[in-house]
Amino acid sequence: MSKTIELPKFYEELTPPYLNKRKEELVLLQSCFDQGNIDHIQKLAHKIAGSGGSYGLPEISTLGKDIELAAIAGNNEELKVLLDKFTQYLQEIEVVFKD
Amino acid sequence: MSELKKICYVEDEVDIQKIARICLEKYGGYEVDIFSSADEALKGMEPSAPDLILLDIMLPGMDGRALYAKLREIESLKDVPVVFLTAKVGYLDDPQELYNLGAVGVLGKPFDPVTLTQSIEDIWKYYVENHRTA
């Protein structure tokens, strides 16, 4: 199931590469989680929180912030749920651009 | 009123660097230098001081607060106004604490690329009218 988001043309050259990078990062996030490297997840999530909204994707920033806070709290159960949610979001999102 | 021409931005995240440069150069018409770390910024800014510095807080090595303190010790940069940009504003960073340090503005990340330039112009205008003595 895909979730379509409509963005202004301004984002046409910017958002797709940004999304591709986040998708590539999923492997790293999952591997950090499996290895218990929560500190690195926190750092990555902080960057995600600070950037998603600027690329027209505020939900990515919200998820990044939630992941960052769960990592700071050391709440692995919550972290797992949020990483799954983030993965699902990135798998489902489809972006279209309109004038 | 003094014109804002040159901005230096210290930010380690490349995706934020990218969109900030587009907004500030293309829409703001500013000359923009971007540095990825405090060390890079200290080396790069001193020879040619900007009109305004944008500073991320969470930087590799020396963080934004420590860099701010260093900048205040450098003759050519000590009076350059600083605006903090932080992803933690509202949930981990207290904007008032950053104003107390001496920041002339605090902006949250993610910023809206459409309004970033206007936000910076507003801060600059307020700074020139209220702080600048020269």
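Predicted model: local features only at pLDDT ≥ 70, side-chain atom pairs only at ≥ 80, totals over all residues.
## Chain A: overall build

Chain A contains 4 helices and 2 strands. Read from the N terminus, its elements follow the order β-α-α-α-α-β. The radius of gyration of chain A is 14 Å, close to the 13 Å that the globule rule gives for 99 residues, so chain A is as compact as a globular protein of that length. Taken along the principal axes, its C-alpha atoms fill a box of roughly 45 × 25 × 20 Å.

## Chain A: H2 against H3

How do the helices of chain A pack? One pair is helix H2 (38–51) and helix H3 (residues 58–73). The axes of H2(A) and H3(A) cross at roughly 155 degrees and come within 7 Å. Angles over 145 degrees count as roughly antiparallel, and H2(A) is therefore roughly antiparallel to H3(A). The crossing of H2(A) with H3(A) is left-handed.

On the H2(A) side, the contact is made by Ile38(A), Ile41(A), Gln42(A), Ala45(A), His46(A), Ile48(A) and Ala49(A). On the H3(A) side, the residues are Ile60(A), Ser61(A), Gly64(A), Lys65(A), Ile67(A), Glu68(A), Ala71(A) and Ile72(A). Sorted by class, the contact of H2(A) with H3(A) has 9 nonpolar, 4 polar and 2 charged residues.

The crossing of H1(A) and H4(A) is left-handed. H1(A) contributes Arg22(A), Lys23(A), Leu26(A), Leu29(A), Gln30(A) and Phe33(A), while H4(A) contributes Leu79(A), Lys80(A), Leu83(A), Thr87(A) and Leu90(A). The contact of H1(A) with H4(A) comprises 6 nonpolar, 2 polar and 3 charged residues.

## Chain B: overall build

Chain B has 5 helices and 5 strands. From the N terminus on, its elements run β-α-β-α-β-α-β-α-β-α. A compact globule of 134 residues would have a radius of gyration near 14 Å, and chain B has 14 Å, which agrees. The C-alpha trace of chain B spans about 35 × 35 × 30 Å along its principal axes.

## Chain B: the sheet and its surroundings

The 5 strands of chain B form an open sheet with parallel pairing, in the order S2-S1-S3-S4-S5. Which strands stand at the edges? They are S2 (31–35) and S5 (105–108) of chain B; each has a single partner strand, so one side of each is left without a neighbour in the sheet. From one strand to the next, the twist averages 20 degrees.

Within the sheet, strand S3 (residues 52–56) of chain B runs parallel to strand S4 (residues 82–86) of chain B, and 4 bridges join them. Leu54(B) stands opposite Val83(B) in S4(B). Helix H3 (residues 64–71) of chain B lies across S1 (6–10), S3 and S4 of chain B, and runs at about 150 degrees to S3(B). In the loop between S5 and helix H5 (116–130) of chain B is Pro110(B). The peptide bond from Lys109(B) to Pro110(B) is cis, with omega near 5 degrees.

## Where the chains meet

How many residues of chain A are in contact with chain B? There are 13, and they are in contact with 11 residues of chain B. On the side of chain A, the elements that give two or more residues are H2(A) and H3(A). H2(A) gives the most, with 5 residues. By class, the side of chain A that touches chain B has 4 nonpolar, 7 polar and 2 charged residues.

Conventions. Residues numbered from 1 in each chain as written. Chains lettered and ligands numbered in written order. Axes fitted to C-alpha atoms, helices over the stretch in contact; angles between N-to-C directions. Pairing = 2+ DSSP bridges. Contact = placed C-beta atoms within 7 Å. Rg over C-alpha atoms; globule rule 2.2 N^0.38 Å. Nonpolar A, V, L, I, M, F, W, Y, C, P; charged D, E, K, R; others polar. Parallel < 35°, antiparallel > 145°, perpendicular 65-115°, else oblique. Left-handed = near helix turned anticlockwise from the far one by under 90°.
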